[in-house]
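Visitor: I would be grateful for a close look at a single part of this structure, with its local geometry and contacts set out in order.

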Amino acid sequence: MFLNVHTYFSLRYGTIAPKDLLKHMQKLGVKMMAVTDINTTTACLDVMRMSDSYGVKVVLGVDFRNGPQQQFVALAKSNEGFCNINRYLSSFLEHPPFVIPGRCDTLKDTFVIYPFKHFPVSDLGRLAENEYVGVSIKDLKTLKFSRYAKRCSKLVMLHTVSFVDKSGFNTHRLLRAIDNNVLLSKLPKSEEADPSHELLSMDDLLNYFSEYPNIIENTRFILSECHVNFDFDQKTPKNQNSYTGSTDLDFRLLKKLAYDGLKYRYKNPGEVIYARLGKELDVIRQMGFISYFLINWKILKYARSKGYFYVGRGSGANSIVAYLLRITDVDPVELDLYFERFINLYRTNPPDFDLDFSWTDRDDITNFIFKNFKHTALITVYNTFKYKASVRELGKVFGLPKHEIDKLCDNQYDPHKLDKLSQLVLVYSQRIQGFPNYLGIHAGGILISEKPIHYYTATFMPPKGFPTTQIDMVIAEDIGLYKFDILSQRGLGKIKDAVAIAARNHPEDPPIDIHDIASFKEDPVINDMIKNADAIGCFYVESPAMRMLLKKLQVDDYIGLVAASSVIRPGVSKFGMRDYIKRSRFPEKRKEAHPVLLDIMPETYGVMVYQEDVIKVAHIFGGLSLAEADVLRRGMSGKFRSREEFLKVKQQFFDNCKRDGKKGVIAQEVWDQIESFAGYAFAKGHSASYAVESYQSLFLKAYYPLEYMVATINNFGGFYRTELYVHEARMKGATIEPPCINRSFYETTIYGKDIYLGFMFLHNFEGQTAQKLVEERYKHGTFSDLDDFLERVPISLEQISILIKIDAFRFTGVNKRELLWQSYMKIQKITLSDPEQLLFKPKLVSYQLPELTCTKEEAAFDQIELLGYPLCNPFDLLLDSSDNGLRAKMLEKLVGKIASIDGYLITAKNTRTAKGVRMYFGTFIDRDGDFVDTVHFPISASQYPFRGNGVYRIEGKVMEEFDCISIEVSKMERLALMEDPRYANGSKKGYHFKSNKNLEKLRV
């Protein structure tokens, strides 16, 4: 009979995981308890879901506190009471400052318990019927001698449980020190719980209160009066159940929209299409998912009205209804998409639609949803303590020096030589790993509920400005609330911007129909780009691994790209990629596949590539029903792997295989593939959606390469850093110019083939200054020289120095070192206001300066400082300019031989071998700008590590696999750059003077 129990969701305070809490209660014979975490209801539903299995009745509530100071505990008598508590708590969480009052507002269907030590006895007579005073074990000593002793009708047992035992108390103190950011030795007693707040057996608890049977009875009464119930069978979705207010009207609308969409999607729809449409509509109606489709349609109808680009993906892309409603752009009939992956009568949750928008448009879409749907909230995610975070935080709490903490974080220590404090850090880091640290926001999940969100959870207000649940998507799905995914990606921003830039730069061309996917698929230029992996900047196909895969597969059509988009995923790449490539390239290898698997998946040569394949194999090979296969699919998402229903299905798979006479080794091998693929593999419709966007970006790169690269740069790239996209634009024929005050804008812009980098890419250059510069130029024309600029634009010395050093005044023909001196002598240190427009402009004083010089090497180092990379060839900055002449194009003639080549590092990916040892894959460009791919196995990786950006001399054996060339590195060193000429020879900041005499005159 505990009225105040904390889980570890009492963030940085509680120490008990929900499942562990129930185990302990069952072991101690506790039949009733109240889960009342501090200022949160995160754990409530999860504990209630599991409680029946442990024979424990769970009452839901909240421990309202200001910091560690308890104000009162509120318990829900019913679901309405739980809703009221959530709403009350949310009123504080959503409207700072967060201050809980000493007395609770009147909340219907609740009990409120005030702590004895803070409640004045004079107020005892003013307690409402539902209000009580809670007595802790420590309070019993005081109670005997207080006026409360004879007035027990309003007293209850309020023993707080925050940890299980002494060790838990130690963990609690460490969490409190982390929360307060203080050394453990400096943690105030007021910030930690009383050591007595540990879990007791029922006998021990009742013994403490044995002299006060009325208090025990009052406690039992409160717990027995509380009845909160939730449906966890997931058979009935709790999302908004009607779009129009009538389910019949909803269905008529959905049917009308679908049949109207036939005219848009198909010229001559045949019987196959009509049959598929009818089947889907029937199943959607039976499953109660009509409103889910209509809400997605409403959102995207608004997006189209605003001209927003979007992509609908996920398993929903397997649906013809979604295709006809323009939720997706993937034709499921053309691709023969497996309808049962998308939706079936055994599936309890709605289909998965991931709606991607440009990162510039997503917030407006979110705002539209909150304005148009009543019961809406973002979904939280639990950010937990990982190994490094726990070690680092505990290291600080124990007072370890930073270098020792770093060694522990990086596992660079001998466990036998660690001191006592370091050992404690490691011991307790293991205990808090997995504990929730703070609540974040799901990448794009939004709940739209039939009932108020507070019926299920409290909400808080993050900086994003939208109410956010305290439960995550897993718990939400447990009660039948399924999220809408409103996501953002830069790929769509690139496509949208590239279309606009191309229209400006090529006004003579006809308008681009970026949705003409059918013609893109048949375009030989685009398909040749895919085959040769000419895909830098293109959505999902530009990474080193994807470029290698495309070359190995020799993909040259849409269907092949759809498959490649899923093959690259971790699960497939681990178990099936090599087999898939061999069977794709060499048809005679297909006979190596297991006959049953080849029969199930002829299109992918007996290799599981898509999520549908997992369901098919589980159903046909493993003998699982479609309902069991759907449990398998959901269970392998990672969140559910410990759930009992998943484990039952796993056992059923092996039992069925044994019954059917399949060898145990083969059954285990197939299961390992299923387990690996299901957590990572895409649904085929999802892969097809990605391939559509890839084709759109490939089209733009094929016919408007410079414009597309400008859009890529302005959207902050993709897989690589901005420097590579600048390089790619140069490789496609562009002239790259640094920012110019007369030609550049905040974003990068293009004139013909001349690309001017935007002011936004200058380190430490203020956006407000850039805005004023562009506005002034727009109003009153271009700037004639430095004096004209200083008269018209308010700017600080620091900001003008950035513009001059990046050579933004080069049109004047004046050396930038001279301009720096002029600005230093002419500009005020601080500019407080915009310059006034005067009738007669005063002439700025000019000074005679010595002759100054600036080399191209100095300009390059200025660019590195301000842009992060030089605009010249990085090989030109090497201290030793010698070149052995070997290039990437020559490597195919050196297969099996040792070669040495210089490469400028683009990216390096670390991974681990089967034995857990770290190795790397590197991507470089040679002196001609072509790619060099490298493999660094553990021995060479440890002997010759990467040492940051720069040019490396790479030596190793040239290897070929499926026509892909790489170097197996045996030796590597980073080549030295020339000394920064701006600081060389004692010169101050690179100001080079022809005559020291002139310098002395200037100083005087």
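Guide: The model is a predicted one. Two packed helices are described by the angle between their axes and the distance between the axes. For helix α1 (residues 18-27) and helix α2 (residues 44-51), the axes come within 9 Å and cross at roughly 45 degrees. Angles from 65 to 115 degrees count as roughly perpendicular and those under 35 degrees as roughly parallel, and α1 and α2 are therefore oblique to each other. Their crossing is right-handed. On the α1 side, P18, K19 and L22 take part, and they meet D46, V47, M50 and S51 of α2.

Strand β3 (residues 57-66) contains D63. D63 counts as buried because its relative accessibility is 0%. The side chain of D63 is joined to that of N4 by a polar contact of 3.4 Å. Beyond its neighbours within four places in sequence, D63 has contacts that include H6, T36, D37, I38 and N39, as well as Q70, F72 and V73.

Some backbone details complete the account. P96 and P97 are joined by a cis peptide bond, with omega about 5 degrees; P97 belongs to the loop between α3 (79-93) and β5 (110-115). N411, although not a glycine, has a positive phi of about 60 degrees, and is placed in the loop between α15 (402-409) and α16 (420-432).

Conventions. Residues are numbered from 1 along each chain as its sequence is written. This is a predicted model: local features need pLDDT of at least 70, side-chain atom pairs count only at pLDDT 80 or more; totals for chains, interfaces and linings use all residues. Side-chain values use heavy atoms; hydrogens and water are left out. Helices (H or I, at least four residues) and strands (E, at least two) are DSSP runs, numbered from the N terminus. Buried means under 20% relative accessible area, exposed over 50%, partly exposed in between (1.4 Å probe, protein chains only). A polar contact is a pair of N or O atoms within 3.5 Å; within protein, one must be able to donate a hydrogen and the other to accept it, and residues adjacent in sequence count only if both atoms are side-chain atoms. Contact means heavy atoms within 4.5 Å. Axes are lines fitted to C-alpha atoms, for helices over the stretch in contact, and angles run from 0 to 180 degrees between N-to-C directions. Angles under 35 degrees count as roughly parallel, over 145 as roughly antiparallel, 65 to 115 as roughly perpendicular and the rest as oblique. A crossing is left-handed if the near helix is turned anticlockwise from the far one by less than a right angle, and right-handed if clockwise.
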